[in-house]
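User: Could you walk me through how the terms for this fold follow from their definitions?
Analyst: Happy to; here is the model.

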Amino acid sequence: MQFHHHGYVSTDPRIQPAATNGNVWSPKFPEELDVLIVGAGPAGMITAAQLSMFENVRTRIVDLRAGRLEIGRADGLQSRSLETFQAFGFAHRVAHEAYHIQAMNFWSPDPENPDNIIRTARTEDDPQGISEFPHVIMNQARVIDYFDEFMRFSPTRLQPDYGIEFVSLEVDRSDTAGEYPITVNLRRRAEAGAVVDDADAEHRDAGGGTGEDFVVRCKYVVGADGARSDVRKAIGRSLSGAQANHAWGVVDMLAVSDFPDIHTKCAISSKNGSILHIPREGGHLFRCYVDLGEVPEGSRGEVRKTTVDEAIARANEILHPYSLDVKEVVWYSVYEVGHRLTDDFDDVADNDSACDPRVFIMGDACHTHSAKAGQGMNVSMQDGFNLAWKLGHVVDGRAPKELLRTYSSERQVAAQNLIDFDREWSSQMAKKPEDFGSPQELADFYCAKQEFAAGFLTDYDESMITGNHEHQALAAGFPIGRRFKSAEAIRIADDVTQHIGHQHSADGRWRIYVFADEAAPGVEGSAVEQWAAWWASDDSPRQRHQLPGGDQASIFDAKVIYRQAFDTFDVQCAPAAFRPTVGRYGLHDIECIYGTGRGTDIFAARGIAPEGAVVVVRPDQYVAHVLPLEATRELAEFFAGNLVNRAA
């Protein structure tokens, strides 16, 4: 993390200077907003956290709850989420606090005594080394806490407004609508309902203690308000898809048990049903997803009346000959597996090219599925990360409004892929032991799907922010449309080995990685020297799209990686374009120049061609383009299609 570029800082360096334009959170709710976010779950909070970094974007996030979430139903954090947290500066803190999944064990009936279960398979969680980040378990309330802290430390000092209920909205699409075309009706709840999470939302009193009603006018609204989303209903969207046909009881508990894998993730299949067993952070707490069986059609939620004692009794039957002596139930819920999706994730139909989207939905508001695959919170946060930087760019005048159309087109496909995966996994988990071809079948399925489950198979199609694959062979290890898979190089300024992707912070900037050809640094006329001269010229995207009053790195973070060993050259050998001036003092950022050595060879690890390559990465960490070093015109045209020309 870089700091001191605006002057000496003696306090916590994570606390950034407050916005100087007055756009800082205050208890008084504004009458006009750029972005209103409804729902302070993980999806809403990552959206707010990213937007809090845009000083010129007035954002508020409201939630029905009276205050901080204490118990949340989501707990699984895939490697892709930790990778995302790295951009927000707290991946290492989550990793320290969370339970790390190193293995998943599988239990099935003992062939010699089917009343008992035995361990039939042990699987490593990430045998292929998909990511340097771990797969962990941690309460979603703590994830929200970390985003909350990030927001409060941001320039806008953003924080959630609790106890505020979304009532309705209306979008004025007339020619006289003005700058704030959305009218939103909100209500301060005099007695905020104790709504802990969406699983309990159906039990809330819609009135909940009526308070003050007030109106806010907005440019954009984001509905992150759960499966029963009022924002979704307000724009006429509805969830559709397969209804539930299987029910599970979810119990977070502290218990004494003789089950030998009590602190290992397990899939347990017995003659009495199934359990997905997940240890939780702290070394003692664990969660059991207990199979409650098929849900008869037309049962109208009868299974939801299953008591926690009945679920625990069922768990003991499944675990035989082992047992659970439950000392405390921390949280309990019953859910029925359903896979449902909305037709669009915004308020504009796909075939309506005349309208720009104004209202967006994300997370459970637009896609629902089971919790057993551990994907819900993870995918929902990627919804938010995808949308937030786009809203920030459009409202801040960096990008055209057309950019916002890419949210629904990109994330709906990702959600459909998740539902397809979850349908398979749920079916596998619900099988009876005799329906498996072998005791190893479930373990084999789990291993085969690990890369998808880790969050790394999202693949965005060609668009205004994702290029074509014509030059993919120049950087085969950085697939266009996929997340940027980091690798190590050595920073020349201080000889420190760094994962270059870990320097990608959630600041809304594009990343450009210039992988050099075989010429040494400083060789006159080399491909890198020519590229850098163009990048520093008035014709480059850096100059055309630079923010008014912004420094040379305000829109782009450009780094160069040389093939030569780190101890064979110094930072002055690299072109000045890779030492941009930053901050009010115009200091030189010399941490943008890398080499190889100490056993690191990012060129071999990521399949970089001998002639080098330019790899462009979006603000949400997805690879946008791969181009030859000499393709400066193509690079300029790419950014001209998704950024506003400030030099015009």
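User: Which strands does helix H6 lie across, and at what angle does H6 run to E17?
Analyst: Helix H6 (residues 308-319) lies across E6, E13, E14, E15, E16 and E17, at about 105° to E17. Contact here means heavy atoms within 4.5 Å, and helices (H or I, at least four residues) and strands (E, at least two) are DSSP runs numbered from the N terminus. Angles run from 0 to 180 degrees between N-to-C directions, with axes fitted to C-alpha atoms, for helices over the stretch in contact. This is a predicted model, where local features need pLDDT of at least 70 and side-chain atom pairs count only at pLDDT 80 or more, while totals for chains, interfaces and linings use all residues. Residues are numbered from 1 along each chain, and side-chain values use heavy atoms, without hydrogens and water.

User: Why are H1 and H7 called roughly parallel?
Analyst: Their packing angle is about 30°, with the axes 8 Å apart. Angles under 35 degrees count as roughly parallel (over 145 roughly antiparallel, 65 to 115 roughly perpendicular, the rest oblique), so H1 and H7 are roughly parallel to each other.

User: What makes E6 and E17 edge strands?
Analyst: The open sheet has 7 strands in the order E6-E5-E14-E15-E16-E13-E17, with mixed pairing. E6 and E17 each pair on one side only. Two strands pair if DSSP finds at least two bridges between them.

User: How do you know that E14 and E15 pair?
Analyst: They share 5 bridges, in the antiparallel sense, and at least two are required, so they pair. In E15, Gly273 is the bridge partner of Ser270.
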